[in-house]
There are 2 protein chains.
Amino acid sequence: MLRTETEFVSWLRAQVPSGARGLEIGIGDDGAIVEVRRGHKLVLKADMSIEGVHFTRRVHSPRSVGHRALARSLSDVAAMGGTPRFALTSLAISRVATRAWLRELYAGMLALAKQFAVILVGGDTAVVAGKTVLDVMVAGEVKRGMELRRSGARPGDQIYVSGRLGLSALGLRLLESGRRPSPQDAGAIRAHLYPEPRCALGRYLSRQRLASALIDISDGLSTDLAHLCESSGVGARVRADLIPGPEFPTGHVPNSLDLALHGGEDYELLFTVPPGKTGQVPVRFRDLPLHRIGEIRRSKGVALVRPDGTATPLGPGGYDHFSK
Amino acid sequence: MLRTETEFVSWLRAQVPSGARGLEIGIGDDGAIVEVRRGHKLVLKADMSIEGVHFTRRVHSPRSVGHRALARSLSDVAAMGGTPRFALTSLAISRVATRAWLRELYAGMLALAKQFAVILVGGDTAVVAGKTVLDVMVAGEVKRGMELRRSGARPGDQIYVSGRLGLSALGLRLLESGRRPSPQDAGAIRAHLYPEPRCALGRYLSRQRLASALIDISDGLSTDLAHLCESSGVGARVRADLIPGPEFPTGHVPNSLDLALHGGEDYELLFTVPPGKTGQVPVRFRDLPLHRIGEIRRSKGVALVRPDGTATPLGPGGYDHFSK
């Protein structure tokens with residue numbers, strides 16, 4: 001399958017269901033031709049997954065690499081209140097990668113695509129001497145006027161997050177420790193290797209017109225809340241005791257709050273709700289808990305309020321690709 | 001500008017005109033929101049440009065790297081008969097690249113984008129230890145039912161190419177030789193460093209319903225003609241003396257035919273025209289010469305007919321990323 005590009009493209013085409021809704025020309029022509037529904041706008045996003053930055057061959061199975069690469073872009077579409085429809089995958093694959101590794105990578109990506117009814121319509125492929133780089137672009141659709149921006153938060157709006165934060169970072173730490181995972185580690189490890197994009201929640205918040213602003217938590221709560229506040233021209237105050245950190249069924253996770261604040265790669269949603277609508281926010285959306293963690297303020301900057309009442313500035317502590 | 005990701009994104013956003021037609025949300029949110037015109041379908045394509053594979057820092061200026069990276073995707077949209085509208089750029093930039101290099105890369109990309117009224121709506125960025133990888137995704141539009149596939153060629157159709165072939169490969173050879181370019185080298189060097197996507201020609205062929213099949217010549221005539229024939233389930237016969245090779249105003253280019261057949265990166269268009277419509281194919285489209293080079297045959301395989309009448313099989317000689 002890796003022998004020639006033509007063979008690879010034929011193999012890849014066979015992996016993708018044909019005749020999907022909206023798909024006119026898929027893999028194998030100069031470009032794909034697709035159609036979104038009338039009255040819908042397009043959401044476009046690309047996200048890279050780089051060996052040594054976003055994944056390592058020691059910690060991440062190829063199936064997880066493929067899953068996570070697509071999950072990143074799906075999560076961005078979720079954060080616009082959109083529905084992902086089509087994906088393009090560009091893969092600069094390391095010369096040392098085996099056919100089995102490549103097959104598993106696509107298996108991981110295509111399993112997630114299937115789950116979200118996303119069709120892989122093309123991309124580009126090359127073999128490189130260096131490390132593997134994947135770039136996944138997703139085109140989604142969002143009903144006209146229903147998109148959710150980062151910039152809509154207003155003073156007084158309440159701040160919510162979905163799920164639990166820091167779980168992915170904890171999972172990574174457990175995987176990197178090299179010790180045999182215990183059954184109670186499974187949740188964190190799964191959260192890291194197979195994160196679930198929150199597309200259904202994003203659409204729900206959009207359709208119910210509940211959220212004034214929405215962003216996904218890819219770089220850590222502290223960083224992404226700072227992004228949301230900056231885009232909206234506001235500040236925020238969050239309460240440490242309200243932040244849903246990683247929790248084991250038993251015992252205490254060291255640095256739980258730090259993981260929750262700065263961990264990153266959770267792909268949960270962070271959203272703000274105007275005060276008049278907070279009563280409509282459910283405690284759970286399907287199986288996913290929604291937690292109120294603080295409030296939008298007029299004054300810039302994000303403050304973290306500790307249980308003893310002291311407030312300290314919360315700086316962005318997530319990953320910045322330019323400063324490392 | 002490279003200090004932090006936020007600074008970089010702010011800088012990039014300032015480079016892109018806002019308020020463009022169809023653009024609702026550009027760089028800076030989780031994803032871009034765009035709109036294509038009613039009755040149009042979407043063309044989606046991604047193309048990578050990899051340091052050491054598609055460009056080198058010795059031969060290619062950053063401005064050329066940016067231009068070529070976008071040109072590859074625009075050419076694919078041209079080859080579907082579409083109009084490029086929006087671009088996403090993912091950039092895994094080498095740690096050794098300077099700010100000036102990055103600025104010039106975007107300058108080259110954005111100048112070409114402006115020329116084609118393409119709006120850069122987002123992407124992803126990371127700094128890597130290894131070589132630079134760019135991935136450019138373009139979303140274009142094509143009028144419903146007007147897309148041009150690779151698969152429509154039928155026996156008896158005449159085969160045409162735009163422009164001159166092998167010019168880019170010749171330009172690369174001149175640049176790699178390290179010798180001071182003479183004024184007569186300028187055309188080939190320009191063809192290599194700043195190829196022009198043939199979007200207007202692609203649209204013309206689509207609107208006039210002239211072409212039965214269309215592909216762009218990115219991997220070389222021999223390879224891309226083989227792709228077109230394979231997709232269409234046909235063969236072809238091309239005449240060596242009709243293939244427009246690289247020509248200097250003066251003198252003879254060594255291996256001119258080889259360059260024209262296998263050179264690659266010309267980004268000219270290769271198309272087939274049913275016999276009843278060949279009379280409508282102009283000798284030139286705007287300033288671009290169109291040359292008839294052969295005919296589609298029922299029997300599989302591509303044959304090259306030499307001036308002495310001998311026919312030899314023409315195998316794909318272009319670049320295959322998996323076999324090098």
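**Close-up views of a predicted two-chain model**

**View 1. The residue that follows helix 7 of chain B, and the helix itself.** Just after helix 7 of chain B, G233(B) adopts a positive phi of about 70 degrees, in what is, like everything shown in these views, a predicted model. The helix comprises residues 221-232, and its 12 residues should span 16 Å at 1.5 Å a residue, which agrees with the 16 Å that separates its end C-alpha atoms. The buried positions are L221(B), S222(B), T223(B), D224(B), L225(B), A226(B), H227(B), L228(B), C229(B) and S232(B). The cover over them includes strand 7 (158-162), strand 8, strand 9 (235-239), helix 8 (256-262), strand 10 and strand 13 (301-305) of chain B.

**View 2. Strand 8 of chain B and its pairing with strand 10.** Strand 8 of chain B, residues 213-217, is mostly covered, with five of its five residues buried. Strand 8 of chain B runs antiparallel to strand 10 (residues 268-273) of chain B, and five bridges join the two. Within this pairing, I217(B) has E268(B) of strand 10 of chain B as its bridge partner. Strand 8 and strand 10 of chain B are also among the elements that cover the buried residues of helix 7 of chain B.

**View 3. Helix 7 of chain A and its surroundings.** Helix 7 of chain A, residues 221-232, has 12 residues and reaches 16 Å from its first C-alpha to its last, close to the 16 Å expected at 1.5 Å a residue. Because 10 of its 12 residues are buried, helix 7 of chain A is largely enclosed by the rest of the structure. Those buried are L221(A), S222(A), T223(A), D224(A), L225(A), A226(A), H227(A), L228(A), C229(A) and S232(A). Among the elements covering them are strand 8 (213-217), strand 9 (235-239), helix 8 (256-262), strand 10 (268-273) and strand 13 (301-305) of chain A. Just after the helix, G233(A) has a positive phi of about 70 degrees.

**View 4. Strand 7 of chain A with two antiparallel partners.** Strand 7 of chain A, residues 158-162, is mostly covered, four of its five residues being buried. Strand 7 of chain A pairs in the antiparallel sense with strand 10 of chain A over four bridges, and here Y160(A) stands opposite F271(A). Strand 7 of chain A also pairs, again in the antiparallel sense, with strand 12 (residues 288-297) of chain A over five bridges, where S162(A) is placed opposite L290(A).

View 5. Strand 2 (residues 32-34) of chain A and strand 3 (residues 40-50) of chain B pair in the antiparallel sense over three bridges, with A32(A) opposite L44(B). Strand 3 (residues 40-50) of chain A is likewise joined by three bridges to strand 2 (residues 32-34) of chain B, and these two strands run antiparallel, with L42(A) opposite V34(B). Taken over the two chains, 61 residues of chain B are in contact with 61 residues of chain A. To the side of chain B that touches chain A, strand 3 of chain B gives the most, with nine residues. The residues on that side of chain B divide into 31 nonpolar, 12 polar and 18 charged.

**View 6. The crossing of helix 4 and helix 5 of chain B.** The axes of helix 4 (residues 167-177) and helix 5 (residues 186-193) of chain B come within 7 Å and cross at roughly 105 degrees, and the two helices are therefore roughly perpendicular to each other. Helix 4 of chain B contributes L167(B), S168(B), L170(B), G171(B), L172(B), L174(B) and L175(B) to the contact, while helix 5 of chain B contributes G187(B), A188(B), I189(B), A191(B), H192(B) and L193(B). The residues of this contact divide into nine nonpolar, four polar and no charged.

Definitions and conventions:
Residues numbered from 1 in each chain as written. Chains lettered and ligands numbered in written order. Predicted model: local features only at pLDDT ≥ 70, side-chain atom pairs only at ≥ 80, totals over all residues. Axes fitted to C-alpha atoms, helices over the stretch in contact; angles between N-to-C directions. Parallel < 35°, antiparallel > 145°, perpendicular 65-115°, else oblique. Contact = placed C-beta atoms within 7 Å. Nonpolar A, V, L, I, M, F, W, Y, C, P; charged D, E, K, R; others polar. Pairing = 2+ DSSP bridges. Expected span 1.5 Å × (residues − 1). Buried ≥ 20, exposed ≤ 12 C-beta atoms within 10 Å, placed from the backbone.
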